[in-house]
Amino acid sequence: MSIGAQGAFFCLRIYHFIFCKETTKGSGFYQSGYGTTLTAREVPTKTGYTFSGWSEIPATMPDEDVIITGTFNVNSYVITLPEKIELCEGYSITDGKVSYGSELKFKAADGYIASNVKIGSTVLEPDENGIYSITVKENTVVTAEILLLGDVNFDKNVDDKDAAMVLKYISYGKAFFDDDNDKNEKAKLAANADGIGNVDMLDVIKILEISEKSKSTVVDPDDDWFN
Ligand SMILES: [Ca+2]
Ligand SMILES: [Ca+2]
């Protein structure tokens with residue numbers, strides 16, 4: 001009768017990493033013999049998050065399974081919006097930053113219209129209400145050209161000269177500017193002063209309204225009117 005060779009017994013234990021948050025890398029099982037030294041394997045990564053550490057790791061493998069928990073902190077990114085661009089209700093930027101994956105919606109402030117809204121060279125398209133949406137994944141600088149609604153000749157004033165230009169445009173179908181398509185496109189945006197539909201007589205009326213309003217609300221104490 002033969003007796004089998006008696007080998008040394010050893011236990012294999014499963015060293016199981018569980019991450020608190022979904023990971024893209026590093027999750028899995030890890031085998032370790034009883035009494036061996038435990039070291040965490042490579043730091044797991046997750047896009048938009050920074051690994052913030054493991055839960056307590058025993059010095060040596062105990063005689064039982066070990067669950068080590070890794071955690072991540074969400075990254076924050078700096079968001080820069082142009083002047084006269086406002087966040088829509090319900091969206092906010094705290095200390096100039098928002099968390100990875102946050103959605104932001106913004107639009108031109110009242111009385112203004114944005115054109116050529118871009119992140120780098122990527123042009124953003126607004127929805128039918130002029131609202132732009134982005135999902136933040138990195139530091140982001142939004143650029144835009146901001147037009148004053150009704151200021152079709154771009155002199156930073158809305159007055160009857162603008163109304164006359166719009167009237168000419170809708171009466172005779174004439175371009176606002178000769179041979180400058182870019183300026184004409186912007187003038188068309190600014191000319192739609194009521195923000196509704198096409199450029200028509202209602203916009204002329206709106207421009208005259210804005211013009212009257214600015215006359216009655218802008219008071220310059222040095223103006224001759226006071227003398
Ligand atoms: Ca003007
Ligand atoms: Ca209109």
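Predicted model: local features only at pLDDT ≥ 70, side-chain atom pairs only at ≥ 80, totals over all residues.
## Overall make-up

The chain has 227 residues, of which 16% are buried. Its secondary structure consists of three helices and 12 strands.

## The five-strand sheet

Five strands form an open sheet. Their order is β7-β5-β12-β9-β10, and the pairing is mixed. The edges are β7 (97–99) and β10 (122–123). Each edge strand pairs on one side only.

What joins β5 to β7? Three bridges do, and the two strands pair in the antiparallel sense. Strand β5 spans residues 76–80. Within this pairing, valine 78 has lysine 97 of β7 as its bridge partner.

Strand β8 covers residues 103–108 and runs antiparallel to strand β6, residues 85–87. Three bridges join them. Which residue of β8 stands opposite isoleucine 85? The residue is alanine 108.

Strand β8 also pairs with β11, residues 132–135. This pairing is antiparallel too, and has four bridges. Here phenylalanine 106 stands opposite tyrosine 132 of β11.

## A note on side chains

In a regular strand, side chains alternate between the two faces of the sheet.

Definitions and conventions
Residues numbered from 1 in each chain as written. Chains lettered and ligands numbered in written order. Buried ≥ 20, exposed ≤ 12 C-beta atoms within 10 Å, placed from the backbone. Pairing = 2+ DSSP bridges.
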